[in-house]
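Try each task on your own before you read its solution.

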Amino acid sequence: MTRYLITGANRGLGLEFVRQLLARGDSVVACCREPDAAKELRALAADAGDRLTLLPLDVADADAIAALPGKLPGAVDVLVNNAGIAAEAEVFGEFDAATMARVLQVNSIAPMLLTQALTPLLEKQGKQPKVVCITSVLGSITQAEGLSFGLSYGMSKAALNMGVKKLASELKRRGVALVALHPGWVQTDMGGKGATLRPEESICGMLAVIDKLSTADNGRYLTYEGKTLPW
Ligand SMILES: NC(=O)c1ccc[n+]([C@@H]2O[C@H](COP(=O)([O-])OP(=O)(O)OC[C@H]3O[C@@H](n4cnc5c(N)ncnc54)[C@H](OP(=O)(O)O)[C@@H]3O)[C@@H](O)[C@H]2O)c1
């Protein structure tokens, strides 16, 4: 049994991570902003018993991230930095500083702070410890073109990718694997109904990639199929 911690676990990809991990016998600390309102997670908790713990976490709250290790029910092997946001259409001439700062806080800064807060625990108590940052192909500078899907989102995922690259050797030294992982274009609230993948397919692919990770992979930018993306 592997012990996971997932952020943004109440819907979309985070919720599907929880479903598939519980189904295969792993345990999960499912973090979300409002556990009391997370109906699907609470329904899963009824069957999962002590393999599922729900914890409140707003990843934009740096103090809450720092306090998280003290609230965990036990050891964690894999941290999945999944929570993410996108801005509404961002038009040149109308860029908004508060919107840009919020997207960067949630998508780029929070995963770095969570990785920093949990690495000492992963390092000491984790079995084959891993940190997975859910990124996007839209963070690829090589492939970036135009303002489709806004400005902030692509900037935030490129910054996240850089964070993964910058932390790769530090975490390798500590025996913790660390990668940036693109889930594909998935039918969630964020991906929309026209997306090409169902959450089940994306998570199945990502778990197969995560299972095989080692510190030899540190700093890689991968797809849910295990292919390497260009920076
Ligand atoms: N879907 C895609 O096609 C796609 C493609 C590439 C990458 N991704 C990435 O995959 C990850 C999951 O996306 P998704 O498609 O599942 O999106 P989603 O359906 O919109 O779900 C986003 C999740 O993030 C949570 N979240 C947002 N802000 C948060 C905060 N401040 N603190 C804690 N949780 C917060 C949301 O919680 P609330 O319910 O509280 O808002 C929700 O659980 C994101 O990092 C996204 O960038 C998705």
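**Exercise 1. A residue in a loop**

Task: Is Gln128 buried or exposed, and what is its phi?

Solution: Keep in mind that this is a predicted model. Step one is the surface: Gln128 is exposed, because its relative accessible area of 67% is above the 50% cut-off. Step two is the location: Gln128 sits in the loop between α4 (97-125) and β5. Step three is the backbone. Most residues other than glycine have a negative phi. Gln128 is not a glycine, yet its phi is positive, about 45°.

**Exercise 2. Into the strand**

Task: Where is Lys130 placed, and is it buried or exposed?

Solution: Begin with the element: Lys130 belongs to strand β5, which covers residues 130-134. Next, take the surface value: the relative accessible area of Lys130 is 7%, so this residue is buried, the limit being under 20%. Finally, compare sequence and space: Lys130 and Ala180 are 50 residues apart along the chain, and 11 Å separates their C-alpha atoms.

**Exercise 3. Another loop**

Task: In which loop is Arg174 found, and how far apart are Arg174 and Gly12 in space?

Solution: First, find the loop: Arg174 lies between α5 and β6 (177-182). Second, look at its surface: with a relative accessible area of 30%, Arg174 is partly exposed. Third, go from C-alpha to C-alpha: Arg174 and Gly12 are 31 Å apart in space and 162 residues apart in sequence.

**Exercise 4. Sorting aromatic pairs**

Task: How many aromatic pairs are there, and which kind is the pair of Phe92 and Phe95?

Solution: A pair of aromatic rings is described by the distance of the centres and the angle of the planes. With ring centres required to lie within 6.5 Å, the count is two aromatic pairs. Take Phe92 and Phe95: their ring centres are 5.8 Å apart and their planes stand at 70°, so this pair is edge-to-face. Phe92 is exposed, at 69% relative accessible area, while Phe95 is partly exposed, at 31%.

Now turn to Tyr221 and Trp231. Here the centres are 5.2 Å apart and the planes are at 25°, so the rings are stacked. This pair links distant parts of the chain, 10 residues apart: Tyr221 is in strand β7 (residues 220-223), and Trp231 is in the segment after β7. Tyr221 is buried, with a relative accessible area of 1%, whereas Trp231 is partly exposed, at 36%.

**Exercise 5. Around the ligand**

Solution: Start with the shell: 29 residues surround the ligand, and the closest are Asn10, Arg11, Arg33, Tyr153 and Thr188. Then ask which helices take part: α1 (12-23) and α5 (152-173) each provide at least two residues of that shell. The space that the ligand takes up is the largest pocket.

The side chain of Arg33 has an N or O atom 2.6 Å from an oxygen atom of the ligand. In the side chain of Asp58, an N or O atom is 2.8 Å from a nitrogen atom of the ligand. Val186 takes part through its backbone, with an N or O atom 2.8 Å from a ligand oxygen atom.

How values were computed. Residues numbered from 1 in each chain as written. Predicted model: local features only at pLDDT ≥ 70, side-chain atom pairs only at ≥ 80, totals over all residues. Heavy atoms only, no water. Phe/Tyr/Trp six-rings, centres within 6.5 Å; stacked < 30°, edge-to-face > 60°. Buried < 20%, exposed > 50% of the residue type's maximum accessible area, 1.4 Å probe, protein only. Helix = DSSP H or I, 4+ residues; strand = E, 2+ residues; numbered from the N terminus. Near = heavy atom within 4 Å. Polar contact = N/O pair within 3.5 Å; in protein donor to acceptor, adjacent residues only side chain to side chain. 1 Å grid on protein atoms, 1.4 Å probe; cavity = no way out; pocket = protein on both sides within 12 Å on 5 of 7 lines; lining within 4 Å. Sits in = over half its atoms within 2 Å of the grid points.
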